[in-house]
Amino acid sequence: MYITFLKNFRKKNKEISDMPARAQEILNYFNVNYLSSGVPIVEILIKLGFQIYQSDLKPEGLSAYIAVDPEFREVYGSNKITCVHINNSIGHKRFALAHVLGHYLFDFDETVNVSYYNTYFPKKHSEKFEEQRANEFAANLLMPEKDFRREYVKCGKLQSKADIVNELSQIFLVSSDHILRRFNGLGIDGFDTEKEL
């Protein structure tokens with residue numbers, strides 16, 4: 001069961017530079033090795049016991065939250081829930097889910113606390129270590145470097161940068177903004193801003 005996996009997983013290094021390895025461990029544990037339809041982030045969360053919801057989240061700018069509380073079980077059928085903003089694109093919802101999963105994995109330990117709550121505001125607190133780590137985890141989980149580089153090379157025949165970004169967005173099922181950030185994070189030149197597209 002995943003409890004033993006998580007216990008061992010949480011003992012490992014949690015620095016930003018460790019996120020590619022930690023994301024790969026999650027992909028390996030859940031036997032995700034073929035990304036033809038994107039990483040099944042919803043399936044991963046469900047297997048970890050989460051109920052997933054969509055709502056018109058408030059306050060403004062809130063993309064997702066994740067919460068663990070024993071009192072949820074009676075209402076939600078699980079002590080773990082996550083919710084994404086209903087008006088966000090599918091790609092952004094997927095990234096938000098991966099981001100809050102990162103918070104759950106690295107900022108919470110159910111052997112120490114019974115309750116936990118965290119949020120994802122993409123435009124707030126981005127300089128905080130925990131937010132940078134969760135973003136790096138989400139990027140590596142949804143767009144593993146090896147797969148991202150391979151698909152980028154395959155897209156080399158496309159006519160424009162916009163075509164490449166759109167194609168990669170469809171392959172990895174994330175927003176074009178997240179594709180641009182992944183290019184930047186991997187040091188791939190020429191995809192710095194949307195204005196260039």
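Q: Why is E25 called buried?
A: Its relative accessibility is 17%. Buried means under 20% relative accessible area, exposed means over 50%, and partly exposed is in between (1.4 Å probe, protein chains only). E25 is under the 20% limit, so the label is buried.

Q: What model do these values come from, and how are they counted?
A: This is a predicted model: local features need pLDDT of at least 70, side-chain atom pairs count only at pLDDT 80 or more, and totals for chains, interfaces and linings use all residues. Residues are numbered from 1 along each chain as its sequence is written, and side-chain values use heavy atoms, with hydrogens and water left out.

Q: Where is E25, and what is it in contact with?
A: E25 is in helix α2. Helices are DSSP runs of H or I with at least four residues, strands are E runs of at least two, and both are numbered from the N terminus. Setting aside neighbours within four places in sequence, E25 is in contact with F5, F9 and K12. Contact means heavy atoms within 4.5 Å.

Q: How many aromatic pairs are there by the rule?
A: The count is 17. Rings of Phe, Tyr and Trp (its six-membered ring) pair if their centres lie within 6.5 Å; planes under 30 degrees apart count as stacked, over 60 as edge-to-face, and the rest as tilted.

Q: What makes F5 and Y29 an aromatic pair, and of which kind?
A: The centres are 4.0 Å apart, and the planes make an angle of 15°. The distance is within 6.5 Å and the angle is under 30 degrees, so the pair is stacked. The pair links distant parts of the chain, with F5 in helix α1 (residues 2–9) and Y29 in helix α2 (residues 19–29), 24 residues apart.

Q: Is F5 buried or exposed?
A: F5 has 16% relative accessibility, so it counts as buried. Y29 has a relative accessible area of 32% and is therefore partly exposed.

Q: Why is the pair of F72 and Y76 called edge-to-face?
A: The ring centres are 5.5 Å apart and the planes stand at 90°. That angle is over 60, so edge-to-face applies. Both residues lie in helix α4 (residues 72–76), 4 residues apart, about one turn of the helix. F72 counts as buried at 18%, while Y76 is partly exposed at 32%.

Q: How do you know that R10 lies over the face of Y104?
A: R10 is 4.7 Å from the ring centre. The rule asks for NZ of Lys or CZ of Arg within 6 Å of the ring centre and within 35 degrees of the ring normal. The charged end of K161 sits over the ring of F191, 5.9 Å from its centre.

Q: What makes β1 and β4 edge strands?
A: The open sheet has 4 strands in the order β1-β3-β2-β4, with mixed pairing. β1 (50–55) and β4 (116–120) each have a single partner strand, so one side of each lacks a neighbour in the sheet. Two strands pair if DSSP finds at least two bridges between them.

Q: How do you know that β2 and β3 pair?
A: There are 5 bridges between β2 (residues 64–68) and β3 (residues 80–85), which run antiparallel. The rule needs at least two, so they pair. A64 stands opposite V84, and I66 stands opposite T82. On the other pairing, 5 bridges join β2 to β4, also antiparallel; there Y65 has T119 as its bridge partner.

Q: Why is β2 called largely enclosed?
A: 5 of its 5 residues are buried, so the rest of the structure largely encloses it. A64, I66 and V68 are buried on one side, Y65 and A67 on the other.

Q: What makes the span of α5 close to the expected one?
A: α5 has 18 residues and reaches 25 Å from its first C-alpha to its last, against 26 Å expected. The expected span is 1.5 Å times one less than the number of residues. α5 is mostly covered, with 16 of its 18 residues buried.

Q: Why is N31 called exposed?
A: N31 has 64% relative accessibility, which is over 50%, so it counts as exposed. N31 also has a positive phi of about 55° although it is not a glycine. Most residues other than glycine have a negative phi.
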